[in-house]
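Take a look at the protein below. This short report walks through its fold, then stops at a few single residues.

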Amino acid sequence: MEGPRSPRETELPQVLDFLNKKLRSEAPWSIAAEYPTAFTPNNLHNMRIIADEERVLSHAVLKPLIIKSPHVIYKVAAIGSVVTDDQHRGQGLSTTVIKDCLRSAQEQSCDIAILWTDLFDFYRRMGFELAGSEISFVIEDNFNMPVSNLSFSTDSKIAPDAIYRLYSQHSVNSVRSIEETRKFLSIPQTQIYTAWEPNGQLAAYAIEGKGIDLGGYIHEWGGSTSKLLSLLSFIRAKKGTPFTIICPKHSQNLIRELETRHVTKNSGFLGMIKIVNFEQLSAKIKRAFRAEGVADFVLEKQGDHFVFGIGQDLYTITHETDMVRLLFGPIDYRAIGIFKEETVAKFEKIMPLNLWVWGWDSI
Ligand SMILES: CC(C)(COP(=O)(O)OP(=O)(O)OC[C@H]1O[C@@H](n2cnc3c(N)ncnc32)[C@H](O)[C@@H]1OP(=O)(O)O)[C@@H](O)C(=O)NCCC(=O)NCCS
């Protein structure tokens, strides 16, 4: 048995064959079509396998994302397609592969690692914790919008630059190229909804489904709140059944508007997060506070624990997993009642940190 190591370029088909058999046995397409930026020859160095002579036994892939937000630019390691051959489970292979991905993420100066799973306890053993926020709304019923001059389409043949232009206007988004947007647009099992201005300019878009995942979920969208709402109204009427839209917590206008409609609101976590470069992340957060006029923000690691607070209002945080929930949410500073009101007011200038990963970037 050898590895964990990156596959050689000639081994990529064999690795994809292993993943397709283990994770996409029902799908007529390759997993590479669902994650077109992760399973490419130029991301081979971020794939990890353990192999036995000619066979792949265990795998995980890492995709580094640069995520811009108003206060901090993060480097985030998204980890996915974690799987071990059935006959070799329970021998520590996945744990070894994931730890190697984390080591590589650290070497590549990622601040945090993130993954999406329902195996919470398996990943907690490696220091991941559910953190960050995600708000979803089930659009239960048709709703009317004031008559507009928008026209709507479900045609999937759409220029990536138009989507890219609206995508770039998000306050929190990953750095993507138009070429990457083109690849995302051709992911199988994707429904694309668009709203157009009379002059032919794209006014809003909404993307539902992503391969075997996210059917019935709008996981990428863009455009101003009113135009997006008009598009959602069109989608609800067109589908004739409820669907869900996933939103970042900072999309306050959209959230307020949706709350006035017949919807079911659910609050969840962004994903399972682990800090991989504490000093680097802490320096970025301190810089962001200084830019907001808060020079005495404290976030230090002392041995196994953390000292966290502002000025003299400091607390010791024993577990890194609590630290992750303080930084990215969902812990509410006011509700925990340990900090003074003036400290909370300063925290709220940038915390919880706005972190969001749009659906196409999840792996
Ligand atoms: C989950 C999976 C990747 C683990 O691979 P593995 O090589 O057996 O993992 P390891 O040997 O490193 O760790 C196994 C440990 O995880 C635990 N574990 C396995 N599945 C688990 C689950 N569903 N929930 C919690 N713990 C789990 C095992 O009990 C074992 O614990 P032990 O060492 O105390 O006995 C493997 O079972 C698999 O490929 N499953 C199908 C694909 C999948 O679900 N992938 C996860 C996608 S996020």
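The report goes from the whole chain down to local details.

## Overall build

This is a predicted model. The protein holds 12 helices and 18 strands. Its radius of gyration is 22 Å, close to the 21 Å that the globule rule gives for 363 residues, so the protein is as compact as a globular protein of that length. The C-alpha trace spans about 60 × 60 × 30 Å along the principal axes.

Now consider contacts along the chain. Take those between residues at least 6 apart in sequence: 69% of them join residues at least 24 apart.

## Surface and charge

Of the 363 residues, 54% are buried. The accessible surface is about 16,200 Å². Carbon and sulfur atoms account for 47% of that surface.

The protein has 40 positive and 43 negative charges.

## Helix α7

Helix α7 covers residues 225-239, which is 15 residues. From first C-alpha to last, α7 reaches 21 Å, close to the 21 Å expected at 1.5 Å a residue. A run of α7 is buried, including Leu-228, Leu-229, Phe-234 and Ile-235. Ser-230, Ser-233 and Arg-236 are also among the buried residues of α7.

What follows α7? Gly-240 does, with a positive phi near 75 degrees.

Phe-122 sits in helix α4, residues 120-124. Its relative accessible area is 25%, so Phe-122 counts as partly exposed; buried would mean under 20%. Leaving aside residues up to four places away in sequence, Phe-122 touches Ser-94, Thr-95 and Ile-98. Gly-3 is 119 residues from Phe-122 along the chain, and their C-alpha atoms are separated by 21 Å.

Most residues other than glycine have a negative phi, and most peptide bonds are trans. Some places here go the other way.

Gly-3 and Pro-4 are joined by a cis peptide bond, with omega about 5 degrees. Pro-4 belongs to strand β1, residues 2-5. The bond from Gly-329 to Pro-330 is cis too, with omega near 10 degrees. Pro-330 lies in the loop between α10 (320-328) and α11 (333-336).

Gln-189 is not a glycine, yet its phi is positive, near 55 degrees. Gln-189 lies in the loop between α6 (178-185) and β10 (191-196). Is Gln-189 buried or exposed? At 54% relative accessibility, Gln-189 counts as exposed, because the cut-off is over 50%. Leu-214, in strand β12 (residues 213-223), also has a positive phi, about 60 degrees. Leu-214 is partly exposed, at 25% relative accessible area.

Note on methods
Residues numbered from 1 in each chain as written. Predicted model: local features only at pLDDT ≥ 70, side-chain atom pairs only at ≥ 80, totals over all residues. Heavy atoms only, no water. Helix = DSSP H or I, 4+ residues; strand = E, 2+ residues; numbered from the N terminus. Rg over C-alpha atoms; globule rule 2.2 N^0.38 Å. Buried < 20%, exposed > 50% of the residue type's maximum accessible area, 1.4 Å probe, protein only. Contact = heavy atoms within 4.5 Å. Areas by Shrake-Rupley, 256 points an atom, 1.4 Å probe, with all protein chains shown as cover. Lys, Arg positive; Asp, Glu negative; His and termini not counted. Charge placed at Lys NZ, Arg CZ, Asp CG, Glu CD. Expected span 1.5 Å × (residues − 1).
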